2 protein chains.
Amino acid sequence: MILLNLKPDSAVPLFRQIVTQIKELIENDVVKPGSKLPSTRSLSEKLGVNRSTIYKAYEELWALGYIESRPGSYSVVRKRVELAEVNGNNTGSIIHWCKKSSPGAQKIFDMFAKSRSVNPESMRLKDIINLSPLLMDNRLFPAGEFRKSMNRVLKDNSDEVLDYGEHQGYKPLREYIANRLRSHSISTTAEEILITNGSQHAIDLIFRMMTVPGDTVILEEPTYALAIPLLKLFGIKPAGIPMLDTGMDLNYLDKYLKKNRAAFLYTIPNFQNPTGTTTSQMHREQLLGICEKYKLPLVEDGFEEEMKYFGKVVLPIKSMDKNKCVIYLGSFSKVLFPGARIGWIAAGKECIDRILAIKRFTDLSSNAISQAALYDFCLNGHYDIHIKRMHRLFSKRMRTALKALKKYMPENKVIWSEPAGGYLIWLKLNNIKIDSAEINKIFLKHGVIVSPGKFYYLKQNNDIYFRISISTLNEKEIETGMKRLGEAITKL
Amino acid sequence: MILLNLKPDSAVPLFRQIVTQIKELIENDVVKPGSKLPSTRSLSEKLGVNRSTIYKAYEELWALGYIESRPGSYSVVRKRVELAEVNGNNTGSIIHWCKKSSPGAQKIFDMFAKSRSVNPESMRLKDIINLSPLLMDNRLFPAGEFRKSMNRVLKDNSDEVLDYGEHQGYKPLREYIANRLRSHSISTTAEEILITNGSQHAIDLIFRMMTVPGDTVILEEPTYALAIPLLKLFGIKPAGIPMLDTGMDLNYLDKYLKKNRAAFLYTIPNFQNPTGTTTSQMHREQLLGICEKYKLPLVEDGFEEEMKYFGKVVLPIKSMDKNKCVIYLGSFSKVLFPGARIGWIAAGKECIDRILAIKRFTDLSSNAISQAALYDFCLNGHYDIHIKRMHRLFSKRMRTALKALKKYMPENKVIWSEPAGGYLIWLKLNNIKIDSAEINKIFLKHGVIVSPGKFYYLKQNNDIYFRISISTLNEKEIETGMKRLGEAITKL
């Protein structure tokens, strides 16, 4: 005889209440191994619950290993495998993992340990205006439409999307991306696109394909902060080319390349991270010309290609790439949402195939479920609509930010430049002497956080820069943030 | 005046028909830039279509850049950015990508180029019984339940799952996995689990953490075919330890380790790929003992841990790992479905953190959407139910396969062993002289394909082995396949 106490009004489904209670009875040895459970019919009558509910509960108890035979005949409680205990005193390992680590792995581990204490990407604090992370405002995620797309895909197409996908990525999505790139004047096809697990993975694959330890890679200085750990992992000597107001210093670059060789050059031509600089068409042409002259692969990170909302069109460097010198990176993460982990590489077939070979053997294929859902989402026009919406919102938000900076920043103490799109503004403190590592300690007292400039430099320097991002903030929050920032800097 | 021709009975939604037709009119210059489109109200009346449909179509035309202002006021056709043409003659690159490739990348590219012509994983042919791929039978995917889970997650939890996830993986899923591993007597917690983009990615991360070019890695011979390209990519010297009927030859291993060092050892103790061998508890203890003696990290690939359906329980090596010497790999790909690309590594915290550091900087985080949906799916008992179902189905299917082999194989020409679970049977041809590369050419004539043994060997040998997989076949197909195989071998 079993005593169950069901609550029909509970949020917990009845079948789960039954499962939980019978589990407890068995685990507490109230019901012993070998005992028969009541038949589904009799239990259903006794509890006044639909018989199919009891059946489902028994099915799960059977699946979980609590009862021996499947429901239908008599169900008998069986002896369970015991769960291993978690060792209370976490004993050490006999392996010296530090010695076992490759030099790159050791360096990146040290960086990781440090970054864990000051991880700017994970700070979503309350009552603080966080101008630090370049994350997306999740209040803007078009989750409802994406859910509908996911539903369609898992309904109509589950055979395909639940299986291993194509190594190169879901073909309809590659076609969509190729077409979209063609609207940015890039001549490409689905065969020249490789889907990756986000842009960071794309950069990783490029390092894997083209570098060996000791190689040089050319980057902008300052540059994307998360490129720096990859330099350590791959044992790369970075060559930082100074950023001018107009972009990478091309004279410096040309001189450097006269005397030195490099595996590739990495550049972010739109709203560069962290400086916010967008280079001119002429700068792009000249940069490509230099790379062609030295036969140097040019990696163009177009991670926010779609987010240009001020000024006239500037075409990607890849659009001028007649000699297949450019490896172009794109992403859905910084316009739509990052959770799908979908980015792409566009490059000539010869190059794409080499990167694909590495991807094929290191992760087989990317998540086909999200790729197919994203394709459906795009096909139904929601990506276009979302981009327009983001332009509308962020051109407003950026104007608010720039206006508020003018209003609240103390004169002669701060310099910044106006970006043509994206989410970032790069500020320099003038005539102020503080340790740049201390900057957030001071700002935090005023209820605001920024991203210190040192994260973006290959070599440390004495200038005090910091980056602010408006990506997660609405206009009111931006206004408040700038006000607090102004107060904090005034008091410095 | 616009002429549209809508088909209300078409599978294409009305709004899409409108978008497509207006696009065409604009692209073919029938409707010129500057012309006004009819108002949504008047077009709705003329076409007899709901006004909101027209609104949606105009909204998309606007988003796509065909019309100037948003719907509501008059919509004016605007001048479009032209799409780049796809270069007809695919010009070559000025970069010598071959010279630019690292040695590992070049080797893996050569392997990839070869494998593309004979890729066993991609062969799902008609009218042929394909015994080659270790894929899942997509007729068995519990797609409906997974869709429900996905729906719940994107409804209740979209903020979280559409954003970057935790570097280490979705915590509730890690907790579920830890608990599940405890039911296999492995003492672990969510902190000691790292979610990866499938098992291949897990192996890749382990190579990245622990090896530099020139290192030795110890593997079973024969071993998992897709471990071999990784050896090339990382520039590893493989040490193949012969597989006996009982598993890796431990005397051979011990002698090898007396004289040689290695970065780690890789083993598949359950239904080894390709031999189908499951090692005994004693063999596992001894193998762990040897690794502990030499302080050699032991990588245990438990990719089909849940698929033991014959014989008594054998516990994973990791369950005996008091000295944190074992790095355990698990996966959902070979029981549930592979499309989510979710695997995991379970190891001591010291070790996991080092692997995590690499993952964190090379792909930021894994797809959170699928992780959360999979967790919901598991929480609701569907994973357990699915596993039981797979046991029921495949214990039957495997019995059918083994019976059919006995029935159809010519005597004295073929030897095989009976697996304790999984999907694989390993066969050896006796007293037959053919080129093992030719085996499928002959089998194909009889309407059957297998996976040639040479894929699994580090060194080539003269014995003729091949692997058959029943993973995608039902009992009838298995019976037919074995019959055809028997006929083919009889004629050899």
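**Note on the two-chain model**

1. The contact between the chains draws 94 residues from chain A and 93 residues from chain B, two residues being in contact if their C-beta atoms, placed from the backbone, lie within 7 Å. On the side of chain A that touches chain B, the largest share, nine residues, is from helix α13 (residues 349-363) of chain A; helices are DSSP runs of H or I, at least four residues, numbered from the N terminus.

2. This is a predicted model, in which local features need pLDDT of at least 70 and side-chain atom pairs count only at pLDDT 80 or more, while totals for chains, interfaces and linings use all residues. Residues are numbered from 1 along each chain as its sequence is written, and chains are lettered from A in the order in which they are written.

3. The same surface serves both copies, as 98% of the contact residues of chain A recur in chain B.

4. R51(B) lies in helix α3 (residues 51-63) of chain B. R51(B) is partly exposed, with 14 other C-beta atoms within 10 Å (buried means 20 or more, exposed 12 or fewer, partly exposed in between). Leaving out residues up to four places away in sequence, R51(B) touches T40(B), R41(B) and S44(B). S39(B) is twelve residues from R51(B) in sequence and 9.8 Å away in space, C-alpha to C-alpha.

Key
Helix = DSSP H or I, 4+ residues; strand = E, 2+ residues; numbered from the N terminus.
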